[in-house]
Amino acid sequence: MQFHHHGYVSGDPRVQPAAGVGIDRPDELPAEVDVLIVGTGPAGMITAAQLSQFPGITTRIVERRPGRLAIGQADGIQARSVETFQAFGFAERIIAEAYRITEMAFWKPDPSDPSRIVRAARAVDDEMGISEFPHLIVNQARVLDYFAEFMANSPARLRPDYGYEFQGLTVDGEGEFPVKVTLAHTAGEREGEERTVRAKYVVGADGARSKVRQSIGCTLAGDQANHAWGVMDVLAVTDFPDIRTKCAIQGEAGSILLIPREGGHLFRMYVDLGEVGAEDGRAVRNTTIEQIIATANDILHPYTLDVRNVAWHSVYEVGHRLTDRFDDVLPEHAGSRTPRVFITGDACHTHSAKAGQGMNVSMQDGFNLGWKLGHVLEVRSPESLLGTYSAERQVIAKNLIDFDKEWSTLMAKKPEEFEDPSELEDFYVRTAEFPAGFMTQYAPSMLIAEPTHQELATGFPIGKRFKSAPVVRVCDANPLELGHQAIADGRWRIYVFADAPAAGAGSRVAEFADWLANAPDSPIAATPEGLDRDAWFDVKVIYQQGHTEVDINAVPAVFKPEVGPFRLTYLEKVYGVDPKADIFEQRGIDREGAVVVVRPDQYVANVLPLTATGELAAFFAGNQRARRAETV
């Protein structure tokens, strides 16, 4: 973490100095905003958190509730999400309070007495080492709390505006703020009173019954699986031996997905309530908590469940639905106009809760969109950048729904319906990379290059998330994870993997560094005057030698930028290999060197040789504007 570069900081360094709209931020919701986000769920909050790093942009996030969420329905945090939390600065703290999933147990009817269940198998949660981060269980409300803290400590000093319900919007295309939004107060002396806000862009993160989605003419299309589940968060006394282990339980009376919760006592059960006929008329929604508990006891036989306290419960029917677009641009207008309204999370894709994907995929929606809005509004990038949000995320949501259909169908099967008794656990292990969040791979676009030079860094597939690896920082000999040094500040990352010489003249990396620092077509040349040279592009160099073999004074200056008003030399962007885990070997990086370009949302955008300066310039010319100091 970089601080003191503007002078000595004696307080919490996570509290960034207020800047721009964060200085004397008004409590009252303004009449005009750059971005209005509707809904403080995971998708809305991560979008707001990312935009809070752009102090020149007026962002507000409204919520119909009068205050913070007390208890959330989502609880599963996949490893990709924990990676994302690392970028927002709270991974370590949320890991400390969460329940950590290390394995999953599979229970089935005893072949000698099918009325009884027995443990049939155990599966390691991440036996392939997909990520250095764990799979967690923690209340959704705590995730939102951490994002709220990040927002409040950011330069824009962003915080939710509670007590506003979205009523409708129109896009009239007039003036600087073309979206007219009608809100209604839901609490206090002004309850029921309507007010209007005009915005440049609106983000609908208002859930499965999204009014923002309705306002732009999108509908969720898909099917109901006609299968109901009761879900409950409870405190109970039980003799079931795996009550603190994630379990898939299949008994004669149905199935249970058991999810231990944080805190050592609470756990969640998804209890199979069976198929629902078309004539049911949603009557299954009236199933009582007592009936859910009784069904759970039937499934768990010979074990018993004595529920002492119910924190929350609900009944739902599995449904898989998706919108065909995630913004307000109709197919016939694609490419001819800029999106002004976007939808994220449950507003555009719904599925079962049992794969633990809802909150996780929703947050990636918001992370994808947030920095793009920031770059367009700061005039870093052309407006066409915004069209990539729907193009990228709609495909990912479709893949999720296809996966969830298969998983939820397997979970609903009766034991005798499986052709192979180990089919459920085999599927869980075989597909582990998908629910963990690491199968996302964006297609070539203005933001994702063709894999022309992929062989130079085979462990960093273009379009997939940047998978971290160990390195050692040269200036202080600290062993670190390279990917963990990238924070969610809206900057592009350029990782320069050096050729054989440790530093100095006569190497490809030295020639590349000279071009990067001085060429007019270098991406760094677009950085406005008055900002630090690394304000828009975070450039790091990784040498093939150990840290003791790298002369920090011989390292090119572009990797040691001058920062802050005192023009201090920042030395923490220079790395050597970790002798226990050489990143060049681990990630298949060519010993002749390579450049790996990573987007602000942590996805690999390009892989190039050190000599391909023209290709790098052309890539950024496609998604960045020309030098524009006068516009910022």
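**Side-chain contacts in the predicted model**

Asp402 and Lys398 lie 4 residues apart in helix 8 (residues 387-412), so about one helical turn separates them. Their side chains form a salt bridge, with the closest N and O atoms 2.9 Å apart. Asp402 is partly exposed at 36% relative accessible area. Lys398 is also partly exposed, at 39%. The model is predicted.

The whole structure contains 47 salt bridges. One of them joins Arg60 and Asp161, at 2.8 Å from N to O. This pair links distant parts of the chain: Arg60 belongs to strand 2 (residues 59-63) and Asp161 to strand 8 (residues 161-162), 101 residues apart. Arg60 is buried, with 2% relative accessible area. Asp161 is buried as well, at 8%.

Lys200 and Glu176 form another salt bridge, their closest N and O atoms 3.2 Å apart. Lys200 sits in strand 11 (residues 194-204), whereas Glu176 sits in the loop between strand 9 (164-171) and strand 10 (179-185). Lys200 is buried at 16%. Glu176 is exposed at 54%.

Aromatic pairs number 25. Phe88 and Phe150 form an edge-to-face pair, because their ring planes meet at 75°, over the cut-off of 60; the ring centres are 5.0 Å apart. Phe88 lies in the loop between helix 2 (79-87) and helix 3 (91-97), and Phe150 in helix 4 (residues 140-153), 62 residues apart. Phe88 is buried at 3% relative accessibility. Phe150 is buried at 16%.

Elsewhere, the charged end of Arg465 sits over the ring of Phe438, 3.7 Å from its centre.

Conventions. Residues numbered from 1 in each chain as written. Predicted model: local features only at pLDDT ≥ 70, side-chain atom pairs only at ≥ 80, totals over all residues. Heavy atoms only, no water. Phe/Tyr/Trp six-rings, centres within 6.5 Å; stacked < 30°, edge-to-face > 60°. Helix = DSSP H or I, 4+ residues; strand = E, 2+ residues; numbered from the N terminus. Buried < 20%, exposed > 50% of the residue type's maximum accessible area, 1.4 Å probe, protein only. Lys NZ or Arg CZ within 6 Å of the ring centre and 35° of its normal. Salt bridge = Lys/Arg side-chain N within 4 Å of Asp/Glu carboxyl O.
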